[in-house]
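Have the viewer open and follow along.

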Amino acid sequence: MAGSRLPRQLFLQGVAAVFMFAFASLYTQIPGLYGPEGILPARRTLRPQGKGRWQQLWETPTLLWEAPRLGLDTAQGLELLSLLGALLALGALLLSPLRHPAVYLLLWAAYLSACQVGQVFLYFQWDSLLLETGFLAVLVAPLRPASHRKQAPQGGRAGALPHEGLPFWLVRWLLFRLMFASGVVKLTSRCPAWWGLTALTYHYETQCLPTPAAWFAHHLPVWLHKLSVVATFLIEIAVPPLFFAPIRRLRLAAFYLQVLLQVLIIITGNYNFFNLMTLVLTTALLDDQHLAAEPGHSSRKKTATSRPKVLLATLSLLLELTIYGFLTYGTVHYFGLEVDWQQRAVHSRTTFTFHQFSQWLKTLTLPTMWLGVASLAWELLSALWRWTQVRGWLRKLSAAVQLSLVGTATVALFLISLVPYSYVEPGTHGRLWTGAHRLFGTVEHLQLANSYGLFRRMTGLGGRPEVVLEGSYDGHHWTEIEFMYKPGNLSRPPPVVVPHQPRLDWQMWFAALGPHTHSPWFTSLVLRLLQGKEPVIRLVQSQVAGYPFHKQPPTYIRAQRYKYWFSQPGEHGQWWRRQWVEEFFPPVSLGDPTLETLLRQFGLQDKSPPRARGANSTLAQALHWTRTQLSPLEAPALLWGLLGAVGAVRVVQALLARWSLQSSPAALAIGEKRRPAPQKDPGATSEPATPAPSPCSSHSRTTRRKK
């Protein structure tokens with residue numbers, strides 16, 4: 001198997017990029033979400049319970065416990081963490097020396113700290129995925145850059161250590177768990193849209209934040225939507241076991257299928273950094289040979305191949321073709337694919353029952369765990385074999401210590417991950433080794449392993465529910481309060497905001513799926529808008545002048561529930577159409593008994609004003625100045641600006657590296673060697689070499705060259 005040096009570097013750079021986007025996106029929303037005048041002030045989440053410092057830190061692992069020591073409140077500490085996290089991630093993305101375990105440990109700890117006070121706005125699966133991936137990056141990152149290691153003997157990979165590939169295998173296992181569980185839950189949920197293969201006829205229209213491309217995708221033929229659902233099941237359920245295939249062409253095929261799915265999702269939906277994170281995980285399916293990183297692999301001379309190697313290659317090809325044939329047959333059989341040549345369509349239907357699928361899942365879940373065990377055992381044996389090739393007793397001892405530590409951590413994390421993975425099949429979860437359950441329970445609050453399952457049920461089958469806020473000064477004339485990103489204005493096209501996640505807009509989508517009492521934070525949002533709090537207003541409209549009540553807060557606020565649909569082709573100037581359904585939140589004003597009752601019921605009343613902590617400290621003033629400078633920028637523009645800056649720096653780095661390589665003494669020496677030597681006269685006789693040629697002999701050779 002080819003090496004994984006370059007894929008590991010791509011993975012580490014990708015994780016740094018996602019951390020940068022996540023921290024920067026969160027930073028822009030902290031005052032409105034968690035500030036003293038925000039929707040859910042963070043200061044309410046951290047209350048000392050009289051416990052010891054280390055016990056308190058272990059039970060609620062967040063660095064924000066130390067914010068008062070810096071003269072900052074919780075929200076200011078969160079701002080500081082987000083800024084430092086974004087800058088540190090930017091450095092790791094651009095500078096290879098910063099791709100160090102300590103740096104990724106700091107990034108992971110900072111984001112975990114934010115999630116501890118993030119409440120409902122940081123309870124998304126991609127936040128958990130980023131935490132789990134970030135911790136794996138701590139193990140994948142090398143302690144020393146490869147350039148500081150000695151050349152491996154006998155043409156081996158430069159500085160390759162025996163344990164290097166072990167943590168990277170956990171990335172592949174995480175990708176498997178993510179994709180397999182996401183496919184399985186669509187069927188175990190008994191959602192009629194998924195079972196009827198009609199989910200994508202609703203998805204593009206009802207997803208949280210569609211893109212303009214989603215409108216066009218929504219109007220594709222129904223048969224193509226159903227075929228796309230079949231392809232989704234194939235990519236998410238049938239293909240992931242190929243991640244562990246011994247044949248690299250199968251792994252590469254699985255890689256490109258996963259990339260295709262993620263790219264299509266990015267084009268049609270604003271899912272912040274989630275799809276980018278998944279693409280980063282797919283680097284575990286690549287190798288140096290595929291990325292043209294194997295030294296000298298392109299200039300290998302063709303040599304006679306032994307008969308056993310030819311036989312092995314033939315068997316591999318036959319196995320590969322058999323697997324492709326099995327996948328094709330299974331897809332056609334279980335989804336009843338039929339080609340209709342007259343209508344130029346491919347019809348599909350589900351030919352198996354929920355009971356049959358449940359039995360299949362019960363039979364297969366445990367073997368997939370054993371597949372992971374077998375694959376990990378192979379990686380461990382390979383690492384052990386590489387350790388036997390290490391020369392020198394001191395280096396061998398050092399490599400043995402590192403291999404023991406990393407191997408133990410890899411096995412432990414694998415055992416921990418089996419518990420959340422087994423949630424896909426309750427019977428298997430109950431039969432799992434009790435030691436794994438105890439180990440998982442010990443570190444569950446650190447989110448080192450999580451359960452996943454995206455798009456479990458398709459919502460909005462009768463039209464996407466949407467909550468529209470309205471304000472009024474007199475209670476009779478109402479003005480709609482339009483959000484920047486979620487659907488509202490019928491003539492406004494859907495935005496493109498990836499990789500930013502407007503967390504309030506996302507929660508508004510969830511709130512519309514049920515009564516407002518299921519979303520207690522919504523009452524706090526109404527209160528802050530009635531009070532005219534600018535940090536919250538900036539979550540609705542980043543440019544305060546675009547907010548309809550920017551001069552004076554509304555006296556009354558209410559909310560209506562609508563159903564939205566994409567407009568039909570030919571309705572020029574319209575992207576949406578809607579229909580009123582019901583009142584979502586009653587008209588209230590400040591001091592209204594209904595509002596006060598809801599605030600008291602949900603524990604959202606401001607019982608005591610926030611203490612002014614460190615308002616005049618140097619650090620607090622620096623944070624305030626930074627916020628003032630960045631606040632005019634919209635969050636997507638800020639993130640795209642960071643992306644553009646990274647691209648520009650990378651171009652400059654590439655040009656400087658090329659210039660340095662060309663001007664180095666080694667490159668000049670190679671150029672001298674490649675320069676063609678002057679040709680001698682064919683009729684001239686060769687002269688014997690002399691230690692120090694005389695001027696006459698030099699003159700005679702020059703004369704012959706002129707002739």
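Leu257, Leu260, Val263, Leu264 and Ile267 make up a nonpolar surface patch, with about 390 Å² of accessible area together. Patches join residues with over 30% relative accessible area and no salt bridge, nonpolar side chains (Val, Leu, Ile, Met, Phe, Trp, Tyr) within 5 Å and like charges within 9 Å. Areas come from the Shrake-Rupley method with a 1.4 Å probe, and for residues only the protein chains shown count as cover. This is a predicted model: local features need pLDDT of at least 70, side-chain atom pairs count only at pLDDT 80 or more, and totals for chains, interfaces and linings use all residues. Residues are numbered from 1 along each chain as its sequence is written, and side-chain values use heavy atoms, leaving out hydrogens and water.

Leu257 belongs to helix 12 (residues 248-268); helices are DSSP runs of H or I, at least four residues, numbered from the N terminus. Leu257 counts as partly exposed because its relative accessibility is 31%, where buried means under 20%, exposed over 50%, and partly exposed in between.

Helix 12 is also among the elements covering the buried residues of helix 13, including helix 1 (5-27), helix 6 (125-140) and helix 7 (165-188). Helix 13 (residues 274-281) is largely enclosed by the rest of the structure because 6 of its 8 residues are buried. Those are Phe274, Asn275, Met277, Thr278, Val280 and Leu281.

Now turn to Glu205, in helix 9 (residues 200-206). Glu205 is buried but has no salt bridge, and Arg577, the nearest side chain of opposite charge, is 5.7 Å away. A salt bridge needs a Lys or Arg side-chain nitrogen within 4 Å of an Asp or Glu carboxyl oxygen; Lys and Arg count as positive, Asp and Glu as negative, while His and the chain ends are not counted.

Methods:
Helix = DSSP H or I, 4+ residues; strand = E, 2+ residues; numbered from the N terminus. Buried < 20%, exposed > 50% of the residue type's maximum accessible area, 1.4 Å probe, protein only. Contact = heavy atoms within 4.5 Å.
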